[in-house]
Amino acid sequence: MQKTTSVIYLILLCLSLSLSHQASAQYNKKKARTMRNQNSRTAKYKGRKLAFANAKQYITLGVSAHALNYFGDIAPKSTATSTDISFTRPGLGVSSSVRVGSSLAVRAEFLYGRLSSSDYDVADPANALDVYRYARNLHFRNNIKDFSVVGVYDFFANPGSVTFRMGFTPYVFAGISLFHHNPKAKVPAQAVLYPGDSTTLPEAGKWVSLRPLHTEGTDKTYSPIQLSIPAGIGVRYRLTQIIDVEAEMSYRFLFTDYLDDVSTNYVDKGTLGSELAKVMSDRSLEATEVRTGENRFQNLPDNESPLNRTPVTYTGADGRQYLTLLGYGQPNQQRGGAKDNDIFIVTSIRVIFMIVRSPFSSKRGYRL
């Protein structure tokens, strides 16, 4: 009996070991298959691989006040930093940014503002370097509608969430913008085009768009839609848990020289399509500064000033005689400088509100 029992125990033990071995083999196969699947999913994963994602990403909304300054052909001096503070003009903007890294954000902004300048105000007739621009007597104003997208790089990184962002950080930014512009000038009450005759236009006293007039000839056309490269520096201060303030300055490097409608040479007035175009192309003989009503010829430094020269005439392509100031209105004489494109400068104060977690986060609707 005892021998029979021992045999039964031995059989059960063998059976148990056999089943255990099979179960272990099946488990190992299943585990290996699971690991292979996980590795395959990891290799194919193209989502957020860095710990910065999820809660550490956030978006902001901003409102801004801007000061715009212009540099181009109607500027005090021929340097890229030359501007006249009296022609600083205001602008407003709205923006939104997405924080995508510990030091990097992407910001989109719409800006509306005005640029302007005048030879009469920025050029000194007593200065030999300025007298040409004073005699030329051109001016403009231009309303700018600008949409930009820039990358913003903070010098002090924030590897944490919005709650742990820096109290202060300087930053730099650069990107691209698309803007609409439309340079205008004011029409004089009376203009001298022809010998012994003054011309009064129905648009007298009004600001008119210069681009359709082709003041430098029909071959010098330009689009009202232009690209620019915004680049600049700024500093950011944290005011509260949900509000920051930024102060920054940027240069807008343009691909056009016609922000002021001035670039190349005077054109033959006989080739222009209207009396208005002829008047607006050459303002050198106007005795009165059209915006201020002041006499341009009073208090000139000496008789050598270009404004004291005797006017001359030339025969236009249409056969008519045109009167102009010697050296300032004849065809192909210099009107502007086409060597460099125009620039405008934007100085900004921006208030930033931390609104929600980034839309690229897996958890939506998070608010501070």
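## The largest cavity

Strand E1 (58-71), strand E2 (89-99), E3, E4, E5, strand E11 (243-254) and strand E14 (343-357) each supply at least two residues of the lining of the largest cavity. Strands (E, at least two residues) and helices (H or I, at least four residues) are DSSP runs, numbered from the N terminus. E2 gives the largest share of that lining, four residues. The volume of the largest cavity is about 260 Å³. It is lined by 22 residues, and the closest to its centre are Tyr58, Ser97, Arg99, Arg236 and Glu246. In total, the structure holds seven cavities of 30 Å³ or more.

A cavity is a set of points, on a 1 Å grid over the protein atoms alone, where a 1.4 Å probe fits but cannot get out, and lining residues have an atom within 4 Å of a point. Grid points are joined across faces, edges and corners, and a volume is the space filled by probe spheres set on the points. Rolling a probe the size of a water molecule over the atoms shows where empty space is left.

## Basis of the description

The model is predicted: local features need pLDDT of at least 70 and side-chain atom pairs count only at pLDDT 80 or more, while totals for chains, interfaces and linings use all residues. Residues are numbered from 1 along each chain as its sequence is written, and side-chain values use heavy atoms, with hydrogens and water left out.

## The chain as a whole

The protein chain contains four helices and 14 strands. Of its 368 residues, 43% are buried; buried means under 20% relative accessible area, exposed over 50%, and partly exposed in between (1.4 Å probe, protein chains only). The chain exposes about 19,400 Å², of which carbon and sulfur atoms supply 60%. These areas come from the Shrake-Rupley method with a 1.4 Å probe; for residues, only the protein chains shown count as cover.

Among contacts (heavy atoms within 4.5 Å) with a separation of 6 or more, residues 24 or more positions apart account for 73%.

## Strand pairing around E4

Strand E4 (residues 139-154) pairs with strand E3 (residues 104-118) in the antiparallel sense over 15 bridges. Two strands pair if DSSP finds at least two bridges between them. Within this pairing, alanine 105 stands opposite valine 152 in E4.

E4 also runs antiparallel to strand E5 (residues 168-180), to which 10 bridges join it; here valine 150 stands opposite glycine 175 in E5. With strand E6 (residues 183-186), E4 pairs in the antiparallel sense over two bridges, and asparagine 142 stands opposite proline 183 in E6.

## Serine 97

Serine 97 lies in strand E2 and is buried, with a relative accessible area of 13%. Leaving aside residues up to four places away in sequence, serine 97 touches Tyr58, Ile59, Thr60, Val106 and Arg107. Serine 97 and valine 152 are 55 residues apart along the chain, and their C-alpha atoms are separated by 9.2 Å.

## Salt bridges

The whole structure has 20 salt bridges, each being a side-chain nitrogen of Lys or Arg within 4 Å of a carboxyl oxygen of Asp or Glu. One network of salt bridges links Arg99, Arg107, Glu109, Asp154, Arg236, Glu246, Glu248 and Arg350.

Other salt bridges join individual pairs. Aspartate 130 and arginine 133 meet through their side chains (3.2 Å, N to O), and both residues are buried. Glutamate 275 and lysine 278 form another salt bridge (3.2 Å, N to O); because they are three residues apart in helix H4 (residues 275-281), about one helical turn separates them. Glutamate 275 is partly exposed at 27% relative accessible area, whereas lysine 278 is buried at 5%. In the salt bridge of arginine 283 with glutamate 286, the closest N and O atoms are 2.3 Å apart. Arginine 283 is buried at 3% relative accessible area, and glutamate 286 is buried at 7%.

## Positive phi in two loops

Most residues other than glycine have a negative phi. Asparagine 137 has a positive phi of about 65° although it is not a glycine. Asparagine 137 is in the loop between helix H3 (131-136) and E4 and is buried at 4% relative accessibility.

Histidine 214, also a residue other than glycine, has a positive phi near 55°. Histidine 214 is in the loop between strand E9 (207-209) and strand E10 (225-238), and at 26% relative accessibility it is partly exposed.

Notes:
1 Å grid on protein atoms, 1.4 Å probe; cavity = no way out; pocket = protein on both sides within 12 Å on 5 of 7 lines; lining within 4 Å.
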